[in-house]
Amino acid sequence: MSSTVLDYSKELSVIEGLPSAATLDEMIEKPINDFPQRRWFIGLAITGTMLMIGVVSLTWLLWKGVGVWGINQPVAWGFDVVNFVFWVGIGHAGTLISAILFLFRQKWRTGIARFAEAMTLFAVLCAVQFVIFHTGRPWLAMAWLFPYPNQHGVWVNFTSPLEWDVFAVNTYFIVSAVFWYLGLIPDFATLRDRATTTIKKVTFSILSLGWRFSNRHWQHYERAYLIMAGFATPLVLSVHTIVSFDFAVSIIPGWHTTIFPPYFVAGAIFSGFAMVQNVLIITRKAFKFETLITMDTIEKMNKIILVTGTIVGYAYIMEFFIAWYSGNATELFVFVNRAFGPYWWAYWTMMTCNLFTPQLFWSKKIRTSLLASFILAIFVNIGMWFERFVIIVTSLHRDFLPSSWGMFVPTMWDFGMLIGSFGLFFTLVLLFVKFLPAIAMAEIKAVIPGAQPTHHGNGASH
Amino acid sequence: MSAHESIIIPKKELPANIVKLGWALTVIGLVLVVLSYVTDAQRAGFNNIIGFTFLASVAVGAVFFIAIEYIAGAVWSTPFRRVLEFLGMLLVPVVLLAIPIFLNFHSLYHWSHADVVAADKVLQSKSPYLNEQFFAIRFVIYIVIWSLFYFIFRHNSLKQDKDNDQARTKKNIGLAAAFIPLLAISISLFSIDWLMSLEPHWFSTMFGVYYFTGSIVTALAVTTYFVVLLSERGYFFKGINENHYYSFGALLFGLLSFWAYIAFSQFMLIWYANLPEENFWFITRWQNGWEYVSVAIVLFHFWIPYFMLVSRPSKMKPRVLKQSAAILIAAHFLDMYWLVMPTYSASPVFSYYEIAFPILSIGLIIVVFAMQAKKYNLVPVGDPKLQRGIDFHL
């Protein structure tokens with residue numbers, strides 16, 4: 001295949017073979033109907049344990065206060081903000097795939113959009129817990145996070161980007177959730193019609209909001225979907241832009257740099273795609289979705305990982321170059337300190353996993369290898385976690401006054417909450433693939449060869 | 001069997017009045033440029049930078065879109081790729097426009113004076129990068145990268161007209177992948193060299209992205225203008241319809257919004273942090289009349305074309321597309337003026353100096369395009385994706 005030239009005059013099919021609509025429904029519905037396999041329970045046991053570690057850490061945190069974390073002067077932001085930014089970043093792939101790739105008419109997104117969107121919602125939930133508990137006394141935080149008249153006499157600080165975050169992340173979560181639900185409605189109706197038990201019938205009847213597959217329903221659906229995609233597109237960019245403002249509006253060298261907004265957005269998409277890739281490869285294998293999520297889709301994901309990773313690399317190098325070019329001694333010190341100071345290992349982990357190893361995806365052989373894709377995607381996740389660690393910790397630990405320099409040492413409770421967030425995320429993912437259709441049934445039918453009005457034949461019958 | 005056999009291209013020369021207009025503008029522009037240089041070489045030189053960076057935007061932006069067309073496997077744009085391939089030829093006048101700037105270098109770039117650098121610690125620390133030899137070497141490298149890839153893309157595409165060889169598409173896809181990272185680095189450094197270093201103390205990591213985004217918006221606006229103009233007069237196929245127009249409109253809309261996002265982020269972060277080492281650049285552009293130019297850019301580079309193109313039907317209207325494209329082309333000139341001229345003058349100036357280079361640039365775009373169109377097919381007739389592109393449907 002790779003030695004011969006592709007025929008560019010024909011459109012490649014998004015899915016393999018020519019399954020009938022009923023076969024598709026059956027394939028996608030199978031994990032929901034079947035009693036879960038043993039490995040699903042093993043998975044749930046592992047993620048559940050991780051989640052419990054998080055719950056214990058959280059309880060201890062609430063009992064003792066944020067002093068149980070490793071944060072102190074001069075590093076007052078530690079794992080809490082690192083994890084927050086990390087998870088919000090993960091949450092960028094889903095809506096990018098469902099909204100931006102939809103507007104770009106990328107049909108290959110169809111097979112993966114549904115669970116990428118679900119992962120977006122779960123990742124945002126993971127992120128939100130860190131900022132809430134980072135406030136120290138979350139039960140009081142209501143008063144300064146949401147602008148409502150209260151008895152404390154506290155009003156929100158609208159000039160702070162941290163406050164903009166509250167609105168950006170909430171808006172993003174709500175719109176993503178509505179968008180996700182919108183796409184699920186026709187599938188709920190399919191599940192309702194195919195339901196064999198009363199409980200399922202009633203549940204899916206309620207969830208499908210009276211959908212009857214009528215022409216008029218589809219017309220409204222298509223219009224709503226397009227409008228939601230239009231709405232969600234600027235949101236994909238805005239959330240991580242605002243997160244980058246948290247740092248960039250300050251005057252801390254290493255944080256205050258103008259390239260932060262697009263650089264953070266590219267990094268978010270990068271890490272989000274890597275996480276989707278990891279979950280995708282496992283789900284595809286476990287549920288035998290190989291014909292619906294083709295190797296071509298995985299290869300395209302890898303290409304996006306390569307592109308966004310290289311954009312992020314561009315930003316790293318541009319920051320370094322301008323730090324030198326500015327002629328500002330403090331600015332340059334921060335960057336040299338990042339690369340060669342006490343946290344050099346974090347910096348070079350970041351550079352290796354985010355800039356260097358994704359370059360392996362230039363090779364088609366590696367791009368189309370499941371194992372290589374899976375491992376490199378894990379590398380990206382590690383690298384992107386370290387990126388936030390590097391940005392936050394190395395910029396703070398040696399501040400303007402050398403006598404107050406210090407190091408950040410995380411405690412076991414820091415790690416406990418990090419593990420807990422992974423537990424929460426993967427528990428939700430496992431529940432999702434068991435109880436809801438992991439692939440959009442209605443949408444995938446629209447990309448079967450022959451479903452489009454402009455179709456010119458693919459060696460297939462119409 | 002293959003798509004090209006069913007396609008018959010009416011090979012026509014461009015409308016005579018457009019070609020005449022192009023030559024007239026070029027000649028008038030050249031006369032004004034000579035007059036400018038004779039009367040005030042420094043002011044002419046700054047305006048030369050405006051015209052030069054503008055034309056570089058169109059040329060390099062066009063090559064970027066050629067690469068994107070190949071690597072993304074885009075289909076709807078294939079019937080129009082030749083327009084981009086013609087516009088890339090503007091790299092030749094770009095090089096020519098650089099010559100007078102090099103000749104007047106000392107009156108334009110502050111950091112090129114040895115005595116100034118000797119008295120300035122910041123400039124001393126930059127001198128390994130900002131020195132005339134390295135500047136010239138870098139310029140040669142950028143031009144070599146851009147033209148090398150451009151001529152290979154173009155060569156493969158033109159040859160394909162005759163031999164319909166799909167391997168040429170494959171070759172160009174591979175080259176496009178190599179070109180895009182090189183372009184990202186070269187155009188960023190290009191903008192730092194020619195525009196940011198006009199104010200050698202100022203720095204912004206976003207600047208390269210800002211210029212690049214402005215460039216691709218402008219290149220797309222020029223392309224859209226040509227496509228709609230020629231399509232209306234029957235130069236493309238009957239199959240070209242509102243689906244294709246919509247794609248141009250939507251892409252233009254998306255990119256101009258992205259430009260606004262980049263421009264706003266750069267401004268907002270510097271304004272909010274309010275550090276004297278950065279904010280002076282925006283303060284200069286917010287006093288002595290420059291604030292009107294700043295506001296005009298916000299309006300013409302973003303809000304006006306944004307509202308013109310926001311609705312779905314308007315993205316399909318040829319008239320709206322042409323108007324918004326024209327506004328964006330003018331806005332990019334204004335943007336270059338806004339980047340360059342505050343170094344020359346404390347308040348905005350406007351005279352024949354300032355119109356000489358825009359007239360020349362527009363004239364050159366038309367002339368270069370017309371010369372290419374006379375020699376080559378306006379449509380890549382041998383491209384395997386062509387039939388799919390013509391049949392494109394939303």
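This is a predicted model: local features need pLDDT of at least 70, side-chain atom pairs count only at pLDDT 80 or more; totals for chains, interfaces and linings use all residues.
Helices are DSSP runs (H or I, at least four residues), numbered from the N terminus. The buried residues in question are A:E331, A:V334, A:F335, A:N337, A:R338 and A:A339. At the N-terminal end, A:N328 caps α12(A), with a side-chain oxygen 3.1 Å from the backbone nitrogen of A:T330.

Residues are numbered from 1 along each chain as its sequence is written, and chains are lettered from A in the order in which they are written. Local features need pLDDT of at least 70, side-chain atom pairs count only at pLDDT 80 or more, and totals for chains, interfaces and linings use all residues, while side-chain values use heavy atoms, without hydrogens and water.

| Item | Value |
|---|---|
| Contact residues (heavy atoms within 4.5 Å) | 52 residues from chain B, 42 residues from chain A |
| Buried area (accessible area, 1.4 Å probe, lost on being put together, summed over both parts) | about 3800 Å² |
| Salt bridges (Lys or Arg side-chain nitrogen within 4 Å of an Asp or Glu carboxyl oxygen) | zero |

Carbon and sulfur atoms give 68% of the area buried between chain B and chain A. By class, the side of chain B that touches chain A has 32 nonpolar, 12 polar and eight charged residues; Asp, Glu, Lys and Arg count as charged, and Gly is among the polar residues.

How values were computed: Buried area is the accessible area (1.4 Å probe) that two parts lose on being put together, summed over both. Buried means under 20% relative accessible area, exposed over 50%, partly exposed in between (1.4 Å probe, protein chains only). Helices (H or I, at least four residues) and strands (E, at least two) are DSSP runs, numbered from the N terminus. A polar contact is a pair of N or O atoms within 3.5 Å; within protein, one must be able to donate a hydrogen and the other to accept it, and residues adjacent in sequence count only if both atoms are side-chain atoms.
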